[in-house]
Amino acid sequence: MPLFPKPTSPAGRIALLGLWCATAVALSFLEGWLPALPLPGARLGLSHLVTLIALYSLGLYGGLTVIGVKAGFALLRGVTAGCMSLCGGLLSVLTMYLLQRLCPHRVSLLGQSLAGAAAHNMGQLAIALILLDGSLIHYAPWLLLFSLFTGSVTGTTAQQTLPLFRRLTGGFRL
Amino acid sequence: MQRLGFKMGDGIVAAVIVTVALVLFAVLYRPAAVGQAVEVTSPTRTTVLSLDTNGEYTFSGKDGQTVTLCIANHTAYVHTANCPDKVCVTTGAVSRNGEVIACVPAGIVIRVLGEGEVDAVVS
């Protein structure tokens with residue numbers, strides 16, 4: 001049994017895609033209300049779990065659309081923020097997708113989320129190195145260790161919420 | 001439900017992230033090499049002292065301020081200074097390339113030199 005049954009109709013796919021994009025944007029907005037994390041610039045990345053769920057329910061294009069919409073909204077905060085969001089998101093989605101395709105039975109949502117969080121941070125850092133300052137490279141190991149924490153939080157949250165989302169959308173009969 | 005719960009691969013992913021982070025820590029935060037000499041710049045002259053020779057040297061800076069530098073066990077530290085704030089004394093010992101002790105009231109800067117930077121060691 002698939003973890004999340006894919007919608008069968010085009011209308012169902014579009015509805016679900018809209019739902020995921022809206023949830024991702026809402027979550028990144030709500031996250032701004034949380035108290036700041038100890039590492040400057042680091043965020044929990046709650047919308048990350050929506051990307052993960054989109055990857056399961058709609059495939060690669062679902063995940064890519066969600067990060068595209070998120071980057072579009074990040075662009076409102078500035079070009080640097082938009083580029084960082086896009087690059088981090090792309091790396092993260094591709095990493096999670098590859099992990100999902102290459103070792104489907106050995107890695108759970110948790111491991112996928114960990115890898116995605118680390119890839120996201122490294123993608124963002126790469127843009128920061130290019131656009132801001134090369135000495136930010138010293139930030140890399142701290143960000144990686146921090147992604148273990150954020151990846152675990154989003155991974156376990158995804159494991160808890162995915163069945164709920166499945167029940168919810170199952171009720172819609174997409 | 002194959003994707004729920006903890007899997008072996010999750011541990012491997014976490015281990016890979018930790019390993020990469022540790023390697024990056026080792027590469028990026030490697031301490032500088034041990035220095036060869038200290039360069040003391042006072043308002044009147046610049047002196048280079050080898051860290052291999054133990055000794056005590058007094059330098060006079062501006063406004064009648066004096067700074068006493070000690071070299072012992074391949075490290076250098078300011079032993080006494082007659083300035084009011086004693087920042088140079090509390091800086092402690094320096095021994096690695098590029099480390100600096102600055103005594104601003106006296107206008108004296110003590111900097112550790114690496115292998116390639118030492119031209120003539122005056123002792």
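Six residue pairs, both members at pLDDT 80 or more, are in polar contact across the interface of chain B and chain A. Sorted by class, the side of chain B that touches chain A holds 14 nonpolar, three polar and three charged residues. Please keep in mind that this is a predicted model.

What do carbon and sulfur atoms give to the area buried between chain B and chain A? They give 70% of about 2,100 Å². Salt bridges between chain B and chain A number zero. Here is the interface at a glance.

| Item | Value |
|---|---|
| Residues from chain B in the contact | 20 residues |
| Residues from chain A in the contact | 30 residues |
| Residue pairs in polar contact, chain B and chain A | six residue pairs (both at pLDDT 80 or more) |
| Salt bridges between chain B and chain A | zero salt bridges |

Let us now turn to the sheet. In chain B, four strands make up an open sheet with antiparallel pairing, and their order is 2-1-7-6. Which strands stand at the edges? In chain B these are strand 2 (46-50) and strand 6 (100-103); each has a single partner strand, so one side of each is left without a neighbour in the sheet. On average, and with direction ignored, neighbouring strands of this sheet are turned by 15 degrees against each other.

As for one of the pairings, strand 1 (residues 37-41) and strand 7 (residues 108-113) of chain B run antiparallel and are joined by five bridges. Opposite Val40(B) stands Ile110(B), in strand 7 of chain B.

Note on methods: Residues numbered from 1 in each chain as written. Chains lettered and ligands numbered in written order. Predicted model: local features only at pLDDT ≥ 70, side-chain atom pairs only at ≥ 80, totals over all residues. Heavy atoms only, no water. Contact = heavy atoms within 4.5 Å. Buried area = accessible area lost by both parts, 1.4 Å probe. Salt bridge = Lys/Arg side-chain N within 4 Å of Asp/Glu carboxyl O. Polar contact = N/O pair within 3.5 Å; in protein donor to acceptor, adjacent residues only side chain to side chain. Nonpolar A, V, L, I, M, F, W, Y, C, P; charged D, E, K, R; others polar. Pairing = 2+ DSSP bridges. Helix = DSSP H or I, 4+ residues; strand = E, 2+ residues; numbered from the N terminus. Axes fitted to C-alpha atoms, helices over the stretch in contact; angles between N-to-C directions.
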